[in-house]
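Please walk me through this model in the viewer, one selection at a time. I would like to know what to pick and what is there.

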Amino acid sequence: MDSIYFADIAEVVRKIRTKEISPREVIDAHLERIEKLQPKLNAFVHVDAEGARRDARAAEASVLRGDALGALHGVAISIKSCIDVAGWPCPAGSRLLADYVACEDAVLVSRLRAVGAILVGNTNVPEFLMAYETDNSLSGKTSNPWELSRSAGGSSGGEAAAIASGCSMGGVGSDGGGSVRVPAHFCGISGLKPTPGRIPGTGHFPRGAGAFAWLGVVGSMARTVADVRALFDVMKGPDTDDALSSSIEARSFSERELAGMRVGILESNALGVVTKETKEAIQRAACLLSEQFTVEPFLLKGLKQAIELWWFFFGPMIAQSFRPIVEGHEAELSPVFQEYMSVASLRIAPTVDELMGACVKRDILRAKIIRQMRDVPILLSPVCAAPAFRHGEGNWQPVCGYRETMRHAQWLNLAGFPGVSVPMGFSAEGLPIGVQVIGKPNEDELVLAVAEILETARGKFKPPTEV
């Protein structure tokens, strides 16, 4: 059963349907894998072995009866621990929420269950999701399965580590500034930051609403783009409790239909310097895509303002929103979150006029970026400046901190653009390097189609050997 850990979702579903393997075998194998690797990786916050085995028995009975089976029947799935799963602790990495147990499933969780997915557990995050390293005072740090001395990234770091190491077949993260794409890049898997509203964020903490609704989205993560798309297809669709929820007619794209489309290699002075190996990964991806597309450099204007506006919302405004929750509990907060609050908090709170002005600037800038991409629907970009850093080396400090190293990811959240991280190479130390396939709002299916073409051209990506 060793091969099951790194099998594609489609392969496992097919073998379950043909009775070559059973849901019980799939879940037992993944629970054994979690038990073996949890002491090394600390990817999980909660493992529901009893519930997963119960659901696996029911799934097996359905197969034996000849029932109609869902698209993910018997697939082992993990969920980021800031997303509600009924009866599970969902603490979002904070001691302040340590006693919170969800009363009902988030909408996306219900949709996954409805097509036969089996949830094995939820995964670790930085406190309140506010860092690119998964470490907190409640459940500790999560290590990278490629090298245990390195971070798995954040805020969906536990999710990325679980999937990359074969503890789950895929799962769900969330992304307010790269929090799906950066951990995917660090851990050598794929991750989708969708257009806001494509997947309902109902049941996620913190709730995406008001001026912050554009920033944070929930997205699928898996070892292949095809698996990311399979999860996206199940979770997408409108929900009345999500203010940005949308019912977009899905499209499929054949390679022949896409042939000759223009793909831009993103250039901007606002994005900073990346490592030599990161540049080489982009060059390799561009070369592979050039076999089917017209690939050329593309200068995108306005990203300096986009990153500044992103920080206004993600920094001072979100820090202000956390104050009522954390005041009087400062001693219980994780060092990483305390650092974020110290850097993000302003001596004088932003005014209503400043907030409204930033919202207007955001919408105008978003329209300008979309117009620039009128004839270039896909962009190719780094995910961030470098591969996974060592534990404790990530920070919010102004010089060489996240606001410098993560710029390639952050502007998409301000503009509400979809993006997919695709593994493309390795650093000199053997750490994964991903590239980012970016598209215009609500063209998520096009982004996934191009990402899958790139992945196919790249060839099969090897799993980590550290664990």
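Predicted model: local features only at pLDDT ≥ 70, side-chain atom pairs only at ≥ 80, totals over all residues.

**Stop 1: a helix pair.** Select residues 23-41, helix 2, together with residues 49-65, helix 3. Their axes come within 7 Å and cross at roughly 160 degrees. At over 145 degrees, a crossing counts as roughly antiparallel, so helix 2 is roughly antiparallel to helix 3. The crossing is right-handed.

Now show side chains. From helix 2, pick Pro23, Arg24, Ile27, Asp28 and Leu31; these meet Ala49, Ala52, Arg53, Ala56, Arg57, Ala59, Glu60 and Val63 of helix 3. Coloured by type, the residues of this contact divide into 8 nonpolar and 5 charged, with no polar ones.

Stop 2: An open, mixed sheet of 11 strands runs in the order 1-3-2-8-10-9-14-15-13-11-12. From one strand to the next, the twist averages 30 degrees.

Within the sheet, select strand 9 (residues 190-193) and strand 10 (residues 217-222), which pair in the antiparallel sense over 2 bridges. Gly191 has Met221 of strand 10 as its bridge partner.

**Stop 3: helix 7.** Select residues 225-235. Which residues of helix 7 are buried? They are Val225, Asp227, Val228, Leu231, Phe232, Val234 and Met235. Finish at Gly237, which follows helix 7 and has a positive phi, near 125 degrees.

Key. Residues numbered from 1 in each chain as written. Heavy atoms only, no water. Axes fitted to C-alpha atoms, helices over the stretch in contact; angles between N-to-C directions. Helix = DSSP H or I, 4+ residues; strand = E, 2+ residues; numbered from the N terminus. Parallel < 35°, antiparallel > 145°, perpendicular 65-115°, else oblique. Left-handed = near helix turned anticlockwise from the far one by under 90°. Contact = heavy atoms within 4.5 Å. Nonpolar A, V, L, I, M, F, W, Y, C, P; charged D, E, K, R; others polar. Buried < 20%, exposed > 50% of the residue type's maximum accessible area, 1.4 Å probe, protein only. Pairing = 2+ DSSP bridges.
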